[in-house]
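The following exercises are to be worked with the sequence and the model side by side. Each task is followed by a solution in steps.

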Amino acid sequence: MSTDLSNCVLKSVAIRVNIIDVLAEVELRQEYTNTFDHPIEAVYKFPVSAAYAVCGFEVISADKHIIGEVKEKNQAAAVYEDAISSGKGAYLLEKSEDNPDEFKVNVGNLPPSQSVSIIIRSVAELAYTEPESLLFDLPMDFIRGQSKPFQQSIDVNITMANPIMTLSCRDYPYISSQISGNQATITSSSTIGNLPNSLKVNINLGSHVFDRRCWREIQSGKETAVSLSFAPDCDYQQEIFDVYFILDRSGSMGGGRISELKYAMLSCLKNIPLKCRFQIIGFGSQWVSLFSDGPVSPCISNLKTARDHITKIAADMGGTSLNGPLVHLLNLTSKQKKIVIVLTDGDVEDCKSIIPDLQKAKDFSLSIIGIGIQTAAGHEIEKLVSAAKGFSEFSESTTIESKFISLLNRLALPAYEEIQISWRNSKGSAISEVRTAPVNLPPIFAGQLYNVYGFVPQNESISSVNVKAKGRAGALEFSVECSDLPTAEPSKILHTLAAKSLIRELEEGAARQKPSDTIHKMIARLGVDYGLASSQTSFVAVEQRDTAVEQTMQSVDVNQHIQAEIIAQQDAQLEMLSSRSGRRRTWNIASDSLEAKRIMSLNIESVLQRGERLENLCEKSEDLSMQSMRFKKSSNVLRRRMWWKNMRLLIFSFLIIL
């Protein structure tokens with residue numbers, strides 16, 4: 001039955017964040033109202049970054065507070081359907097089967113004119129960012145595209161082990177913040193029609209950002225959870241490597257995105273290290289390389305060739321098959337480390353078959369720079385990046401240059417790969433039965449925040465952790481004393497993140513090979529035991545009502561409603577623009593084109609100027625080389641002359657003596 005979707009209204013959004021050192025707890029509360037004259041089932045989807053673990057689901061309806069329970073996925077669906085058929089209120093939170101990065105919420109049997117508050121709890125890790133800061137990043141995709149004003153409020157409480165130097169909340173309106181020693185608060189409250197793409201909080205700790213941390217969390221009747229976090233800051237010599245830019249030229253990059261890609265590539269070309277080589281590959285349904293003989297040095301002529309090529313590229317290569325160029329690069333023999341950077345909008349075809357080869361590849365890293373998006377990468381991209389020991393950067397084109405420089409710096413840093421972690425008791429003895437999470441420890445990159453967790457048996461008391469690692473940067477060894485996590489109330493954040501780490505490792509393993517019932521059961525057991533939504537577990541809540549809902553329930557897709565309103569607004573704007581004089585539109589377009597041309601010219605000019613400087617440096621290098629050769633030849637001649645002179649003197653002396 002058709003329904004007017006505009007009657008499903010978002011009334012308010014409240015976000016509560018509690019940051020404890022490098023860990024964060026997030027509570028998202030959304031209030032919806034059914035303004036239909038009949039019961040509905042409201043369905044909406046929202047993406048969740050891979051850095052987050054969904055660990056709580058609650059509902060407030062008609063002054064009732066219902067706590068969701070974690071059950072095996074099929075059991076949760078059965079409980080939901082049974083409650084719906086019985087006329088009860090039913091609520092389901094599950095991972096989408098179509099997209100593993102997406103969650104779906106079903107609100108069933110919501111009576112007419114009734115409001116419901118959906119509360120979703122999650123935990124996450126902070127990331128290291130320059131300069132000397134920790135970054136909390138909360139994607140706001142769950143409320144993007146709202147067309148009607150709603151009430152929003154944000155409260156962030158921060159507790160650090162060391163004093164907070166500065167605090168910033170980028171690109172977010174109506175924010176006020178306050179710092180007091182090692183604590184800080186951020187608040188925001190207003191009526192707004194939409195929110196930025198993400199809430200980013202930068203916490204500057206100075207040199208203390210590199211401090212090593214080991215936290216302990218004790219829960220009655222469960223294993224003790226521990227975490228180790230550190231960001232190694234080591235001296236190193238910059239590596240010489242080859243940079244391969246793989247440009248997405250598929251149809252989805254049409255319009256403004258291909259223009260952003262061109263701007264991003266011009267910015268990247270200006271910052272290629274002098275001793276490195278580069279190659280540009282475009283891909284779609286097929287792929288093609290710019291330089292037929294392989295990567296080239298960033299001299300003036302090669303930069304000109306690259307610039308001319310970039311200005312002419314278009315989104316004209318069909319699909320999004322990334323496998324072809326990746327297979328080519330993996331099979332390419334080279335003495336240099338290969339750094340592969342894919343510039344894409346994140347929509348690529350299935351790359352599951354190449355993941356085992358990426359994991360086994362040596363001196364090979366794959367990273368992503370997102371074009372036109374700021375949220376986490378799609379599931380396929382995340383699997384590739386994780387397998388190839390790389391990074392994801394998502395930013396607007398105006399900040400792409402700094403993102404590229406940061407990315408190169410991290411990728412060029414040598415990694416520690418032979419890692420040994422030993423959890424120890426108060427006597428200094430190793431605890432043998434600790435479940436480390438993840439089981440297979442990833443490599444350690446200098447300047448990157450490294451997190452690892454462990455479950456310690458109840459009969460053991462953990463006191464410290466010892467770390468040993470080897471790699472291109474040499475040897476790394478240190479010990480850290482373990483302290484109780486500084487929380488005002490009993491917490492389960494470490495238990496949740498440790499379980500999430502194990503679940504993610506199992507899910508990624510299942511994605512790389514044929515999943516088995518054993519893996520599914522292990523994921524389900526961890527999800528139920530530690531209260532986590534996963535590919536095998538879901539949250540379900542049932543509201544007992546005095547009067548059962550007897551009217552026919554109609555399903556309302558909230559995401560479809562939002563999209564329909566956005567399209568309607570865009571149509572209205574186009575109609576308004578079309579009513580204006582063609583001359584004024586033409587003048588505006590011409591003005592915008594001239595401005596774009598001026599900006600592009602400045603960018604190209606800066607590239608050329610840099611190229612001229614490179615050419616001058618090359619010429620000076622050649623002069624120095626010639627001078628050194630001439631000096632070497634003259635010094636050899638002088639050395640031979642002095643030798644003969646000494647010999648003649650010795651012979652003459654010998655004759656005199658005779």
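**Exercise 1.** In what order do the 5 strands of the open sheet stand?

*Solution.* The model is predicted: local features need pLDDT of at least 70 and side-chain atom pairs count only at pLDDT 80 or more, while totals for chains, interfaces and linings use all residues. Residues are numbered from 1 along each chain as its sequence is written, and side-chain values use heavy atoms, with hydrogens and water left out.

Step 1. The order is S26-S28-S18-S17-S31, with mixed pairing. Strands are DSSP runs (E, at least two residues) and helices likewise (H or I, at least four), numbered from the N terminus; two strands pair if DSSP finds at least two bridges between them.

Step 2. S26 (435-437) and S31 (483-484) each have a single partner strand, so one side of each is left without a neighbour in the sheet.

Step 3. S17 (residues 213-217) and S18 (residues 224-230) run antiparallel and are joined by 5 bridges. Cysteine 214 stands opposite leucine 228 in S18.

**Exercise 2.** Determine which residues have the most contacts inside the largest nonpolar core.

*Solution.* Step 1. A nonpolar core is a set of buried Ala, Val, Leu, Ile, Met, Phe, Trp, Tyr and Cys residues joined through side-chain atoms within 4.5 Å. Buried means under 20% relative accessible area, exposed over 50%, and partly exposed in between (1.4 Å probe, protein chains only).

Step 2. The largest core has 82 residues, and Ile19, Ile118, Phe136, Ile158 and Ile203 have the most contacts inside it. Helix H8 (residues 493-512) gives the largest share of this core, 8 residues.

Step 3. Another core, of 29 residues, lies apart from it and includes Phe291 and Ile310.

**Exercise 3.** Is phenylalanine 283 buried or exposed?

*Solution.* Step 1. Phenylalanine 283 belongs to strand S20 (residues 277-283). Its relative accessible area is 0%, so the residue is buried.

Step 2. Leaving out residues up to four places away in sequence, phenylalanine 283 touches, among others, Ile246, Met317 and Val348; contact means heavy atoms within 4.5 Å.

Step 3. For contrast, phenylalanine 654 in helix H11 (residues 582-657) counts as exposed, at 51% relative accessibility.

**Exercise 4.** Which peptide bond is cis, and where does its proline lie?

*Solution.* Step 1. Most peptide bonds are trans. A cis bond joins alanine 437 and proline 438, with omega about 0°.

Step 2. Proline 438 lies in the loop between S26 and strand S27 (444-445).
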